[in-house]
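Got your viewer open and a hand on the selection tool? Here's a short walk through the model, one stop at a time.

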Amino acid sequence: MNSLRLFNNRLKLTNNSNIIRLLSTTQINYENYKCKLLVVGGGAGGCAVAAKASNKLGEGKVIILEPADNHYYQPMFTMIGGGMKKLNESYRPMKLVLPALAKWLKDSAAKFEPENNCVYTKAGDKIEYEFLLIAVGLQLNYEKIPGLVEALSIPNGSVCSNYSPKYVERTYDALKAFKSGNLIFTFPNSPVKCPGAPQKILYIAEHYLRKSGKRKNANVVYNTSLAVLFGVKHYADALWKVVEKRGIKVNLRTNLIEVLPGKNQAVFENLDKPEEKTTMDYNFLHVTPPMSSPNCLNECKSLVTDTGFVNVDKDTLQHVKFENVFAIGDCSASPNSKTAASVAAQSQIVYQNMFAVMNGKKPYRVYDGYASCPLVTGYHSCILAEFDYNLKPLETFPIDQSKERISMFYMKKDIMPPLYWHLLLNGLWNGPAFSRKVLSLLDFRKK
């Protein structure tokens, strides 16, 4: 009887996981993996560099740590929200896009220990590496806006968001259901992947209203936390002409802080006067959620900056403290716009600099901050923005790319997806730098 009472007391003092271990008849054995290169994240950057590296190092030398079943081509979400593509066109099974020569561990990082050259997974396994590539992207923090998750859970609701595969199909449904009133689009007071995307759906939705005869009954509003419409003046000037021509109201330094789904209202703060709050009625609300680097990365202070991004040299993309650590894509602290196009340009830089360090040399390739944002402005028009670290245009084609063009639209819609699936993810596309040099010989703007 005393032994039974003691056993019961032990159960009360342990948590659920320990109870399971106590009652189990078998001991849990955690794995200890070792590899030449560990790639944390199976997104565009992780896939591209892992493909290059595994072809160079051979089978089993590269481990990719990635928990997702599917790999999404996120730039297509804009088209899905506008009814031009379907969700099932935007993804493929993860096992089909990861390089065959690399080992896939279907798990996520729980703890980074760069001082000991290892990463622990959520399942409790340990991965020891010689080199580490961090490619974990950004996490979407919908829950940081009170009322937003509740609003997004309402069936056939008027609140939507293109940024998640969970919600993106709501956008076109809400557009079709809209009859009259306020359409509000937001840009949060946080880092954002593809900073042009919140505007793309704005322009597509406005065009949809004109096509469907509902524009005269709609008040279209863009509330952005930024002090500018777009970060590159060359394209911002063109976009201001677009919003003025279409009668779109733009409120700068205006940040969404709460959604009241029961009242169909949204609360905004003036970032220059935080005490100043404005409540707006909505009949359609598209929300771009606040974003941040993943929690597991934020918790490793030796890896990240004060804002939680991997602390790399902006030119070489090598960590400033740990020579065997590199980062690519959205989680990197390099001050470029976070887009798939920037990942393509970074992939070759990271690959060559990493292998230089492997061979006892200094990193020698320099990333110029190239990023591209195809700013879709309607159902057959697009402004192809391309620029560098200095926010100066770095255009590929021998034309003025600040103008809306049907050719750029179909390139975005029909050419970029196969380029992504067949070239970028396989490590075969490093951005348009070479094409830009060739086409510069034909630059009609100089004539």
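**First stop: two hairpins in a row**

Start by selecting strands E7 and E8: they form a hairpin with 4 residues between them, and Gly124 in the turn has a positive phi of about 100°. Keep in mind as you go that this is a predicted model.

Now show E8 as residues 126-134; E7 and E8 run antiparallel and are joined by 3 bridges. To see the pairing at residue level, click on Tyr120, which stands opposite Lys126 in E8.

Pick Glu113 and you'll find its bridge partner in E7, Cys118. The hairpin of E6 and E7 also has 4 residues between the strands, and there Asn117 takes a positive phi near 55°.

**Second stop: the open sheet**

Move on to the parallel sheet. Select five strands and read them across in the order E10-E17-E11-E12-E13; together they make an open sheet with parallel pairing. Which strands sit at the edges? They are E10 (159-160) and E13 (249-251), each pairing on one side only.

Zoom in on E10 and its neighbour E17 (residues 284-286), a parallel pair held by 2 bridges.

Colour the chain by domain: domain 1 covers 32-138 + 293-369, domain 2 covers 141-292, and domain 3 covers 371-417 + 432-441, according to the domain assignment. The centres of domain 1 and domain 2, taken over C-alpha atoms, are 31 Å apart.

How many residues are in contact here? Domain 1 brings 18 and domain 2 brings 20. Between them about 1500 Å² is buried, with carbon and sulfur atoms giving 65% of that area. Select Phe77, Thr78 and Leu138 to see the trio that supplies 33% of the area domain 1 buries against domain 2, more than any other three residues.

What you can look for instead is polar contacts, with 3 residue pairs between domain 1 and domain 2. Then highlight helix H4 (residues 77-81), which gives 4 residues, the largest share of the side of domain 1 that touches domain 2. Colour that side by residue type to finish: 8 nonpolar, 8 polar and 2 charged.

Terms used: Residues numbered from 1 in each chain as written. Predicted model: local features only at pLDDT ≥ 70, side-chain atom pairs only at ≥ 80, totals over all residues. Heavy atoms only, no water. Domains from an automatic or database assignment. Contact = heavy atoms within 4.5 Å. Buried area = accessible area lost by both parts, 1.4 Å probe. Polar contact = N/O pair within 3.5 Å; in protein donor to acceptor, adjacent residues only side chain to side chain. Nonpolar A, V, L, I, M, F, W, Y, C, P; charged D, E, K, R; others polar. Pairing = 2+ DSSP bridges.
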